[in-house]
Amino acid sequence: MSVLCPAKPCLPLHLTTLEKFFLLEDRPGFPMTFVIQLSLAGQVDPSAWEQALCTVLEYQPLLSAHIGRGKGGQQCWVNSDKPVPACTWGDLDRPMACPNQSEHIDLARETGLRVWVQQGAERAVVTLQFHHACTDGIGAYRFIGEVLAAYGLLMEGPEHYALTEIRGDLLRGRFQRALGRHVPSGMRTTLRALRYGYDLYRKRPATLAAPTTPSMGRRAETAFPGYCSYSFDAATHQRLRKVAARHGVMLNDLLMRDLFLTLREWERPHHWRFAHPQLRVMMPTNLRDTEDCAMPASSMVGYTFATRTIADCASPDELLHGIGAETARIKHQRSGADFLETLLVADHLPGLLSYVIPTHWSLCTAVLSNVADPSRRFTAKLPRAGGRVRAGNLVLEDITGVPPYRPKTRTAVSIFQYDRRLTICLRCDPQLYRLQDAERLLKMYADQLRLSAEDQRGTAQ
């Protein structure tokens with residue numbers, strides 16, 4: 001199998017400020033990891049799969065590295081003596097287990113990728129867990145596309161498959177490229193970044209109310225990866241798009257509006273807890289440009305925040321139009337880099353970065369990651385069968401997953417649009433919520449979206 005561009009040695013590499021942030025946020029009870037799960041028709045060939053994984057990881061330095069002391073005694077990405085993780089194989093009817101019964105990945109001891117393959121006679125499920133310091137979701141999807149293409153090459157040859165040119169040297173400027181015009185210079189920029197961070201701290205949002213029958217401080221008996229999902233068919237998905245277009249907004253704006261309405265309904269019995277209750281949704285934003293397609297998997301993600309009081313949610317139409325205007329402004333101004341700018345300024349002031357990491361207060365009420373069609377993130381050449389991605393004898397029937405959740409940020413939601421369907425995935429903090437609680441919150445969100453698909457005006461006033 002040939003790869004278009006041989007990888008050049010680029011380790012050791014200093015950690016970027018964003019990677020340091022993810023390590024500081026990484027705790028055994030709140031691992032800074034995320035999961036992506038592939039549902040496949042067909043049986044995975046173990047030899048071809050593991051060879052494909054090994055081949056692609058040769059060109060993915062951060063996914064096959066440890067963190068250790070390197071240049072100048074600072075924390076660096078360094079070569080691992082075991083760059084390819086052992087792939088865990090099992091039957092579909094057997095639950096997966098994490099090493100040492102923990103979702104936490106210690107990057108000093110293992111690489112930031114874990115892989116499970118479960119399969120039966122005619123279908124398979126591949127689960128991949130990534131450490132966020134190694135890559136964000138976009139990098140992970142591109143990596144997955146490369147592995148599927150490498151597998152297809154082994155199974156069928158080069159006629160329908162080709163891997164992407166990967167340039168390890170691009171990793172050296174990854175954080176600066178994500179910052180773009182936001183690279184801090186001068187006192188005015190520094191003060192602006194500090195003001196942005198202070199506003200996030202000062203205007204702290206509500207935490208999602210715990211259910212009346214919580215898990216009582218112990219982790220619920222929920223099988224890994226512990227999220228629930230719900231899919232709308234193609235017709236409902238199309239109706240939601242038409243409703244958004246009728247209001248002059250994007251589908252993402254409608255999805256966010258309905259998440260606010262759902263959070264409001266969840267919080268309604270608990271209004272007594274807050275003097276001035278406000279909800280905040282955090283949205284990851286991709287900060288890559290087109291010239292970054294050859295970048296190996298890495299974290300080039302920014303964060304933006306939408307904040308509304310519970311009273312703001314009383315008028316669904318006004319809420320929708322306000323969100324539409326705000327997200328258009330965010331995209332135009334590339335506001336996702338504002339958060340990175342604040343982190344960089346904090347990193348330059350001794351001790352401040354670790355101090356500002358939120359532990360006892362909530363950065364946001366919920367995380368919403370709209371993945372759209374993850375197969376459109378694949379940069380490798382792959383054929384399709386009936387609109388679905390094909391890799392050798394495998395057809396990708398579905399792809400799901402969830403971003404990390406943080407202390408005091410008790411739920412994470414991701415939206416997928418694959419094979420014309422729209423799928424919601426949701427996970428709640430298992431130390432406070434049982435799987436049934438997460439399923440109830442998911443049902444509330446799905447019901448609200450179903451109302452919107454019929455163009456009803458939101459929940460009862």
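Modeller: On a 1 Å grid over the protein atoms alone, a cavity is a set of points where a 1.4 Å probe fits but cannot get out, whereas a pocket is an open set with protein on both sides within 12 Å along at least five of seven lines; a residue lines either one if it has an atom within 4 Å of a point. Grid points are joined across faces, edges and corners, and a volume is the space filled by probe spheres set on the points. This is a predicted model, in which local features need pLDDT of at least 70 and side-chain atom pairs count only at pLDDT 80 or more, while totals for chains, interfaces and linings use all residues. Residues are numbered from 1 along each chain as its sequence is written, and side-chain values use heavy atoms, with hydrogens and water left out.

Biologist: How many cavities of 30 Å³ or more does the rule give, and which residues line the largest cavity?

Modeller: The count is six cavities of 30 Å³ or more, and the largest cavity holds about 90 Å³ of space. Its lining is made by F30, P31, T33, F34, V35, E103, P225, V402, P403, P404, Y405 and R427. If Ala, Val, Leu, Ile, Met, Phe, Trp, Tyr, Cys and Pro count as nonpolar, Asp, Glu, Lys and Arg as charged, and the others, Gly among them, as polar, then the lining of the largest cavity divides into nine nonpolar, one polar and two charged residues. Strand 2 gives the largest share of that lining, with three residues; helices (H or I, at least four residues) and strands (E, at least two) are DSSP runs, numbered from the N terminus.

Biologist: What is the space in the largest pocket, and which residues are closest to its centre?

Modeller: The largest pocket has about 1,300 Å³ of space, and of the 49 residues that line it, P284, T285, N286, N370 and R377 are the closest to the centre. Strand 11 (residues 366-372) supplies the largest share of this lining, namely six residues. By class, the lining of the largest pocket has 23 nonpolar, 16 polar and ten charged residues.

Biologist: What is the order of the open sheet of three strands?

Modeller: Two strands pair if DSSP finds at least two bridges between them, and here the three strands have the order 1-4-3, with antiparallel pairing. Strand 1 (13-14) and strand 3 (65-69) stand at the edges with a single partner strand each, so one side of each is left without a neighbour in the sheet. Strand 1 pairs with strand 4 (residues 75-79) over two bridges: L13 has W77 as its bridge partner, and H14 stands opposite C76. Strand 3 and strand 4 pair over five bridges, with V78 as the bridge partner of H66. These two strands form a hairpin with five residues between them, and G72 in the turn has a positive phi of about 65°.

Biologist: Which strands stand at the edges of the open sheet of seven strands?

Modeller: The order of that sheet is 5-6-7-2-14-13-12, with mixed pairing. Strand 5 (87-91) and strand 12 (384-385) are at the edges, and each has a single partner strand, so one side of each is left without a neighbour in the sheet. Strand 5 pairs with strand 6 (residues 113-119) in the parallel sense over five bridges, and C87 stands opposite V115 there. Helix 2 (residues 46-57) packs on the sheet and touches strand 5, strand 6 and strand 7 (123-131), its direction making about 155° with that of strand 5; contact means heavy atoms within 4.5 Å, and angles run from 0 to 180 degrees between N-to-C directions, with axes as lines fitted to C-alpha atoms, for helices over the stretch in contact.

Biologist: Which backbone angle is a positive value in a residue other than glycine?

Modeller: Most residues other than glycine have a negative phi, and most peptide bonds are trans. In this model, phi of Q101 is near 55°, and Q101 is placed in the loop between strand 5 and strand 6. The peptide bond from L11 to P12 is cis, with omega near 5°, and P12 lies in the segment before strand 1.
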